[in-house]
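This report describes the fold, the confidence and the side-chain contacts of one chain. The sequence and the structure come before the text.

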Amino acid sequence: MTDYHMKRVAARQDGNAAWGAIRWLGVFALALALSACMAPRPGADLPPYGDSVRHTKQIQAYEPGDAVPPLHGAKAAEAMRTYRQPASGAPQAPGAMQ
C-alpha cells in the first residue's frame, strides 16, 4: 500500500472511533434522560396487592346473622319486568313478553 492509502485507512479508523464514541454518548444521554422520568419507588402509593379484591368480596358476602333483603312479590315482579324490557332504542325480540 502506498503512503496515501495508509493515511486514508488510519483516518477512516479514527473517524469510526469518534463516531462510535459519539453514538455511545448519545445512547447514554438518552438512557439518562429516560431514567429521570421514572418514579423513585413505583407503586409506593398503592395499597398492598389484593386488598381491593378482599374488600369487594367482603362487602358482597353475607355474614352469619346479617339480614338478607327479601325479593318477593311486587319487588321481584318489577325487577323481572325491567330485565325483560329492551334497552331504549333497541328493537324488541318477536317472542318477548310485555
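Read from the N terminus, the elements of the chain follow the order α-α-α. Helix 1 covers residues 3-36, helix 2 covers residues 51-60, and helix 3 covers residues 74-84.

The model is predicted. Its mean pLDDT over the chain is 78, and 78% of the residues reach at least 70. Among the elements, the lowest mean pLDDT, 78, belongs to helix 1, while the highest, 88, belongs to helix 2.

**Surface**

The chain has 98 residues, of which 2% count as buried. Its accessible surface amounts to about 9,400 Å², and carbon and sulfur atoms contribute 64% of that area. One nonpolar patch on this surface is formed by Trp24, Leu25, Phe28 and Leu32 and has an area of about 470 Å².

Trp24 is exposed, because its relative accessible area of 55% is over the 50% cut-off. Phe28, a residue of helix 1, has a relative accessibility of 46% and therefore counts as partly exposed.

**Aromatic pair**

How many aromatic pairs does a search of the whole structure find? The search returns one. This pair joins Trp24 and Phe28, whose rings are stacked with 5.6 Å from centre to centre and 5° between the planes. The angle explains the label, because planes under 30 degrees apart count as stacked. Trp24 and Phe28 are four residues apart in helix 1, so about one helical turn separates them. The two partners of the stacked pair are also both part of the nonpolar patch.

**Salt bridges**

Side chains of opposite charge can pair when their charged atoms come close. The count for this model is two salt bridges.

| Salt bridge | Closest N and O atoms | Location |
|---|---|---|
| Arg54 and Asp51 | 2.8 Å | helix 2, three residues apart |
| Arg81 and Glu78 | 3.1 Å | helix 3, three residues apart |

In helix 2, the spacing between Arg54 and Asp51 corresponds to about one turn of the helix. Asp51 has a relative accessibility of 31%, so Asp51 counts as partly exposed.

In helix 3, Arg81 and Glu78 are likewise separated by about one turn.

Notes
Residues numbered from 1 in each chain as written. Predicted model: local features only at pLDDT ≥ 70, side-chain atom pairs only at ≥ 80, totals over all residues. Heavy atoms only, no water. Patch = residues over 30% accessible without salt bridge, like charges linked within 9 Å, V, L, I, M, F, W, Y side chains within 5 Å. Areas by Shrake-Rupley, 256 points an atom, 1.4 Å probe, with all protein chains shown as cover. Salt bridge = Lys/Arg side-chain N within 4 Å of Asp/Glu carboxyl O. Helix = DSSP H or I, 4+ residues; strand = E, 2+ residues; numbered from the N terminus. Buried < 20%, exposed > 50% of the residue type's maximum accessible area, 1.4 Å probe, protein only. Phe/Tyr/Trp six-rings, centres within 6.5 Å; stacked < 30°, edge-to-face > 60°. pLDDT = per-residue confidence, 0-100.
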